[in-house]
Amino acid sequence: MKILVVGGGGREHAIIRALKKSPDCTEIWCAPGNGGISYDATCKAIPATDVEAMVAFAKQEAFDYVVVAQDDPLALGMVDALAAAGIPAFGPDKAAARIEASKVFSKNLMKQYGIPTADYEVFEDPAKVMDYVRARGKYPVVIKADGLALGKGVLICQDEAEADAAVKEIMLDKKFGASGNRVVVEEFLTGPEVSVLSFCDGKTLKPMVSSMDHKRALDGDQGLNTGGMGTVAPNPYYTAEVADRCMKEIFLPTVEAMQKEGCPFKGCLYFGLMLTPDGPKVIEYNCRFGDPETQVVLPLLESDLLKIMLATTNGALDKTEVRFSAGAAACVILASGGYPLAYEKGKEITGLVNGQLPGSDAIVYHAGTAVQDGRLVTAGGRVLGVTATAADLPAALEKAYAAADSIHFDKLHRRSDIGARALAALKARE
């Protein structure tokens, strides 16, 4: 099969490297891709959000299958447009992608179908937001832009002044554009966070191995929120008992709710969960693979990813094996100094040959790299994800950090404590 993957970051690189293991994958392309991805796939510089150009390219090149990996093109209806052109694709259609593209849609869905989540209210009038926040007087309070905002549209406000600033930023200054026309104001939940990606074909759901993300820029979970500074899998807080409860109270009810709403979900459904003292609750849904969770989940997948993806598209997931290894995986993100604020690009990356580490079984996923005059250089905030698998988490972390030590570029920034909370949780269980 000739396959096109839509997107250009670490998640797409992880998907491409997993698809390449399938005996049915004969040719793989990525649009727009990036410098590091170009070692594993043929890249074509089409913006992921240009639905018309992407569909025209897919028709011209006669792709057998397209994997739409990024949230924006899914929300814009790329899967619908490909289907109309007779090209099967992995990912939800526009109606089902609302589960991520509209916080209001997803929160109302959970309320209507009794899926556990934080208490919330929806507002279109900025003044009414602050009236409500003041009347409740409970902090921290969470204020979310309704639409997609590159993962940055969720603000946790510690007091009235911060809430006021958040409303101004989202609704008045329109930092996230039309995504901020409506906001969801939510109670602040506490407890360990868990990410669970799952394959779904509209009726059957098969969860992947759980993972733990590290959002803050600095050690000790300090500093600004980022797109993720590292991940580990499995998540030790996600026990068999918790998994069973999530399946009954959250996962299957969500699949059924989407069916009842007339927009069955096909693709990768991501559950962002908080394990609160009252039980697991949904913080957010994503309509695609999470980034950087994908970089630790897919290396543990033992089944054929292409077969599974085709089964989600064809409604045959119930008859398809989804098996993960019993080991662990760890991913350390190497970022540009200054990220998630201003950072420089074009720094030469050393230590890699054809994008990978010679003599190491660690995998280097490229998120923000480019090839200039034959040299690999930085081209984003999150530059590389260095992933290692092993029999257990301590060994996976040791391998990932040892591999990361061999890679260099000017102003490289990374956290040194990825997996520390997970290791503490494992120790507490002993």
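On the face of α7 turned away from its buried side lie the exposed residues K128 and A135. The model described here is predicted.

Helix α7 spans residues 126–136, and its buried residues are V129, M130 and V133. Viewed down the axis of α7, these buried residues fall within an arc of 90 degrees, so they line one face of the helix. The elements against which the buried residues of α7 pack are tabulated below.

| Element packed against by the buried residues of α7 | Residues |
|---|---|
| β6 | 120–123 |
| β7 | 141–145 |
| α8 | 160–172 |
| β9 | 183–187 |

Both ends of the helix can also be described. The N-terminal end of α7 is capped by D125, with a side-chain oxygen 2.9 Å from the backbone nitrogen of A127. After α7 comes G137, which has a positive phi, near 60 degrees.

Four strands form an open sheet in the order β11-β10-β16-β17, and their pairing is antiparallel. Its edge strands, each pairing on one side only, are β11 (205–207) and β17 (279–286). From one strand to the next, the twist averages 35 degrees.

Within this sheet, strand β16 covers residues 266–276 and pairs with β17 in the antiparallel sense over 7 bridges. For T276, the bridge partner in β17 is G279.

Notes
Residues numbered from 1 in each chain as written. Predicted model: local features only at pLDDT ≥ 70, side-chain atom pairs only at ≥ 80, totals over all residues. Heavy atoms only, no water. Buried < 20%, exposed > 50% of the residue type's maximum accessible area, 1.4 Å probe, protein only. Helix = DSSP H or I, 4+ residues; strand = E, 2+ residues; numbered from the N terminus. Arc of directions from axis to C-beta. Contact = heavy atoms within 4.5 Å. Polar contact = N/O pair within 3.5 Å; in protein donor to acceptor, adjacent residues only side chain to side chain. Pairing = 2+ DSSP bridges. Axes fitted to C-alpha atoms, helices over the stretch in contact; angles between N-to-C directions.
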